[in-house]
Amino acid sequence: MNFKSTLPYIPNAEEAVRQFISKYRSMEAKSPTSLPGIERLRRLEVARVKGTSGWLLSLFRGIVYNMPFMNDLHPFYRELIGIIINIDDYKHSLGKLINSSKAVSSISRDALRMIKYAQDKDEIIKARRMYLSRIIDLINDLEPELRTLKEAAIKISRLPSVSVEKPTIVISGMPNTGKSSLVACVSTKKPEIADYPFTTKQIIIGHVKVYGMYAVQVIDTPGLLDRPLSERNRIELQAILALRHLADSIVFMIDPTQHSGYALNQQLNLLKEISQSFKADIIAVINKVDLATEEEVKVVEESLRDLGYPYRLTSALKCTGTRELIDELINGPLRDKLITYLKITHERALGAELK
Ligand SMILES: Nc1nc2c(ncn2[C@@H]2O[C@H](COP(=O)(O)OP(=O)(O)O)[C@@H](O)[C@H]2O)c(=O)[nH]1
Ligand SMILES: [Mg+2]
C-alpha cells in the first residue's frame with residue numbers, strides 16, 4: 001500500500017522554527033575575503049535567504065505531495081480515514097500549506113530585493129530581520145495545521161495494511177461458530193493481525209495461495225461482524241461498512257450445535273442483517289459437521305433453503321470442506337477480480353525483470 005510507505009515526517013511549528021534558524025545560522029560566507037565588507041555581507045545574506053527559503057519550500061512540498069490525496073484513495077481507506085481524522089480539517093491544512101509556500105516565495109523575493117539594493121550594512125541587517133521575523137511568524141501561524149497533519153500522519157500510519165487489489169473474502173458469524181478456525185484452515189501462511197483504527201478491535205488477514213501466489217485474502221473481524229449491527233456505535237458501524245468496499249464475497253458461519261451458545265434464529269437474524277448491509281455475494285457455511293447430529297444439520301439446511309441462501313458444510317476443526325469452499329468462491333464471485341489481480345502482478349513482475 002503506497003500511501004503509507006511515503007508518509008512524510010511532519011515537524012511541529014516550534015521544531016520547524018528551530019530548524020529554520022539553525023539552517024540560517026549554519027550558512028557561512030563562501031565569497032572571497034578580498035571583497036569589501038558590505039559585498040561579503042550581501043552575498044552571505046543572499047545565500048542564506050535562498051538556502052533557507054528553498055529548504056522551507058521543500059519541507060512544505062514534501063508534506064503536501066506525500067500526504068495521501070483523499071480523492072485518489074480507495075474507498076475502503078477513504079472511509080476508514082474518515083473515522084480517524086476530520087477530512088475537512090485535513091484538506092484545509094494542506095490547502096493552507098500550499099498558500100504558505102506561495103507566501104514564502106514572496107517574502108524571500110522581497111528580502112532579496114532589499115538586500116540587492118541596500119546601500120549599507122544596516123540596510124542589509126534590516127532586510128535580514130524583516131525576512132527572519134516574517135518567516136518565523138508564518139511558521140508559527142501554521143501551528144494548528146502542522147499539528148493536524150502530524151496527527152493525521154501518525155493515525156494513517158497505523159491503519160491495517162490490507163490489499164485493495166486482491167480478491168477478498170470477509171468472514172462473519174456469531175462468536176464461537178468457527179471463524180478463526182476457518183481462517184487457520186485456508187490461510188497458507190501465518191495470518192496477519194492489525195489494529196482496526198479505534199478502540200481495541202483488530203482485524204485478522206489470512207492469505208490463501210492460488211496458482212502459487214498469495215492472491216486471495218480472507219478477513220476476520222473479531223468483535224465486529226459477529227453481533228447485531230444495532231448493538232454497534234456509530235464508529236464501529238462505519239468501520240464495518242468500510243469493509244463493503246473490500247468484500248467480494250461474504251462467508252457466514254453457522255454453528256448448528258448448541259456449543260457456540262447462540263440459538264439458530266439469532267444466527268439467522270445476523271445473517272439477514274449482514275446480507276442486507278453488504279452488496280457482495282453471501283454464502284452460508286454450516287460448520288462443526290463433525291460434531292453436529294444429522295438432525296441439527298438438517299434443521300439449518302431447511303431454514304437456509306427457505307430463506308434462499310446457498311450453503312456448504314464444513315468442519316473447521318478438521319479442515320474438511322474448507323479448501324473446497326474457497327475454490328468454489330475463486331471460481332465464482334472472486335473470479336473476475338482474481339484474473340485482474342493475477343494479470344497486474346504478472347505484469348509488475350515482468351516489468352521488474354525488464355528493468
Ligand atoms: N468440533 C468442532 N469444533 C469446532 C469447529 N470449528 C471450530 N470449532 C471449535 O469451536 C470453538 C470456537 O472456534 P473459533 O474458530 O475460535 O470461533 P470464532 O469465535 O468464530 O472465531 C473452538 O473451540 C474451536 O476449536 C468444527 O468444525 N468442529
Ligand atoms: Mg475468532
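Cys319 lies in the loop between strand S7 (311-313) and helix H12 (322-331), where helices (H or I, at least four residues) and strands (E, at least two) are DSSP runs numbered from the N terminus. Phi of Cys319 is near 55 degrees, a positive value in a residue other than glycine. This is a predicted model, in which local features need pLDDT of at least 70 and side-chain atom pairs count only at pLDDT 80 or more, while totals for chains, interfaces and linings use all residues. Residues are numbered from 1 along each chain as its sequence is written, chains are lettered from A and ligands numbered from 1 in the order in which they are written, and side-chain values use heavy atoms, with hydrogens and water left out.

**Backbone with positive phi**

- Most residues other than glycine have a negative phi.
- Cys319 is partly exposed, with a relative accessible area of 37%; buried means under 20% relative accessible area, exposed over 50%, and partly exposed in between (1.4 Å probe, protein chains only).
- Asn176, a residue other than glycine, also has a positive phi, near 65 degrees.
- The position of Asn176 is in the loop between S1 and helix H8 (179-186), and its relative accessibility of 54% makes it exposed.

- The whole structure contains 18 salt bridges, a salt bridge being a side-chain nitrogen of Lys or Arg within 4 Å of a carboxyl oxygen of Asp or Glu.
- One of them joins Arg128 to Glu45, with the closest N and O atoms 2.7 Å apart.
- This pair links distant parts of the chain, as Arg128 belongs to helix H6 (residues 121-141) and Glu45 to helix H3 (residues 37-66), 83 residues apart.
- Arg128 is partly exposed at 22% relative accessible area, whereas Glu45 is buried at 0%.
- Arg348 forms a salt bridge with Glu165, and their closest N and O atoms are 2.8 Å apart.
- That pair also links distant parts of the chain: Arg348 is in helix H13 (residues 335-354) and Glu165 in the loop between helix H7 (143-157) and strand S1 (168-172), 183 residues apart.
- Arg348 is partly exposed, at 48% relative accessible area, and Glu165 is partly exposed at 31%.

**A salt-bridge network**

- Salt bridges link Asp226, Arg227, Arg232 and Glu236 in a network.
- Within the pair formed by Arg227 and Asp226, the closest N and O atoms are 3.5 Å apart.
- Arg227 is partly exposed, with 34% relative accessible area, while Asp226 is buried at 6%.
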